[in-house]
Amino acid sequence: MAIRQPNELHPKVEVKDLDLYYGQHQALKKVSLTFYANQVTAIIGPSGCGKSTLLRCLNRMNDTIPGIRVEGRVALDGTDIYGRRQDLTRLRKSVGMVFQRPNVFPLSILDNVAYGPKVHGLKDRARLSEIVERSLAAVGLWGEVRERLNVSALELSLGNRQLLCLARLVAVEPEVILLDEPASALDPISTLRIEELMRELQKEYTIIIVTHNMQQAARASDRTAFMLSGELVEYGETRQIFTNPRDTRTERYVTGKL
Amino acid sequence: MNNRAIVAHKVAVGVLWASAVLTLGILVFILAYILYHGLPVLSWSFISQSPTEMGRSGGILPTIVGTFALTILALAIATPLGVGTAIFLTEYTRPGPLTRVVRFGAESLAGVPSIIFGLFGFMFFVIYLGLGWSILSGALTLAAMILPTIIRTSEEAIRAVPDSYREISFALGGTRWQTVTRAVLPSALPGILTGVMLGMGRSIGETAAVIFTAGSTLRLPTSVTDPVRTMAVHFYILAREGISMPNAYGTAAILVISILAVNFVAYWLMQRFIARHS
């Protein structure tokens, strides 16, 4: 998919001067960047650089960790999500997350996908099965599982489980999808399938992916952010980051020398 | 490998086998002994009729009813309380002084002999609260007695649920309560049931705690404020006062069979639940 021209881009999530401390340790240092709507943005960097931590700030999943302190501003459509009146349930409905491990509930395929809508108060069975079908179709899993919706999700392959996790997320109709190394536990074919799916989903959602895999970032993203030791080193169009990095640290990392 | 190591290995295997066989042997012997003496007395009238002449003749129906009424009511009280406490300790508090105090309290309670619970139940429920010798007093006492077990096992079962389930649920916008009831408890249920079953086993066979609180009448109860005699108390009295040894064994046999049946049913239910959820 062609990269859109900057003048078409709409800011979706704006991060401004974000600092994050685990006790004494500062894990994010004055990070500022804007994620644009209907773009796939990759966050890359070595282990421990803070990329997952940054991602988890965007739906406040870090809140559950004791001893954490966040300073700065993260805005979704212009509204500060760390504001006093932010409803976490609403935030996480708008900003959904898929984790590294394809963690499904030990429930049926149907109940996995219906979990989110039920949590948000939907009881009507007809509506629920409609949502389940649409969500599974959106991730390309409907044809494979339509005959066995009541089978335990644990019977799916790892790759299909991760697709199910995506379907489960799509079912709550989020605006932003956060992917935390979604393919690192998967085989190459499943990985490609996830990447193709990101391209498909980007039409409707804003996608932010943390990845270790630089080919994946190069292939599947429009924009790339490179982080090192809690700092955002460089952020720009993916092609530029990989072919013409401005910072020598970025260059060393994308050429495998860091 | 040298010879000494091989000999040590063989001795260890022998000792471990012997322990296992001896354990099983003792269990089988006790069961067989009770059933051998108890089964000849058993008949439909033994379990369907009330006793006559203090239990020398007739059946034991009121004690069966009393045992199950007490046990079911005790579980109905202790299960929600115990599971609720376990949820509070695991999901709603960070480890700290409060959780340590509650846990220490529960563990101390678990080590208290049942006769102490009986005495406490007698002073508090029977006398002070004026509940008298009744199913209610007995069940409250039994509930206090089995509460620590239920808390402990539920807590362990809840802690064993992978954190990823909580994470997914939160990430989908679930509240903490939704996360607990929909994502955590279904996975913890088999473990929680184990605790409830242990509590049930203790309740069914308990003597000291109920003789003080539920009384020892042989009348069939009609409400929870009526006193009852449990099977365990019944055969204690039959044997202790030399009323009828055969009927004491018969009652013991019914008690043992009930406990086995209840355990089999619970095990079967649990297997069905696990099969459906994994």
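**First stop: a pair on chain A**

Select Glu71(A): this residue is partly exposed, with 34% relative accessible area. That label has cut-offs: buried means under 20% relative accessible area, exposed means over 50%, and partly exposed lies in between (1.4 Å probe, protein chains only). Glu71(A) and Arg69(A) form a salt bridge, with their closest N and O atoms 3.3 Å apart. A salt bridge here is a side-chain nitrogen of Lys or Arg within 4 Å of a carboxyl oxygen of Asp or Glu.

Before you click on, some housekeeping. You are looking at a predicted model, where local features need pLDDT of at least 70 and side-chain atom pairs count only at pLDDT 80 or more, while totals for chains, interfaces and linings use all residues. Residues are numbered from 1 along each chain as its sequence is written, chains are lettered from A and ligands numbered from 1 in the order in which they are written, and side-chain values use heavy atoms, leaving out hydrogens and water.

For another of them, select Asp247(A) and Arg249(A), whose side chains meet at 3.2 Å, N to O. Arg249(A) is partly exposed, at 31%. Then hop over to chain B and pick Arg152(B) and Glu156(B), a salt bridge at 3.5 Å, N to O.

**Where the chains meet**

Show both chains together. Contact means heavy atoms within 4.5 Å, and 25 residues of chain A are in contact with 19 residues of chain B. The size of an interface is often given as the accessible area lost when the parts come together. Chain A and chain B bury about 1,900 Å² between them, with 60% of it on carbon and sulfur atoms. (Buried area is the accessible area, with a 1.4 Å probe, that two parts lose on being put together, summed over both.) On the chain A side, highlight Pro106(A), Tyr115(A) and Val119(A): they lose the most area to chain B, together 27% of what that side buries.

**Two domains in chain B**

Color residues 3-41 of chain B as domain 1 and 45-277 as domain 2; such bounds come from an automatic or database domain assignment. Their centres, taken over C-alpha atoms, are 30 Å apart. The contact takes eight residues from domain 1 and nine from domain 2. The two domains of chain B bury about 700 Å² between them, 85% of it on carbon and sulfur atoms. In domain 1, select Leu31(B), Ile34(B) and Val41(B), which lose the most area to domain 2, together 58% of what that side buries. Salt bridges between these domains come to zero.

**Last stop: two cysteines**

A disulfide is a pair of cysteine sulfur atoms within 2.5 Å, and the count over all chains is zero. Select Cys49(A): the nearest cysteine sulfur, that of Cys57(A), is 13 Å away. Are these cysteines buried or exposed? Cys49(A) is buried, at 1% relative accessibility, and Cys57(A) is buried as well, at 0%.
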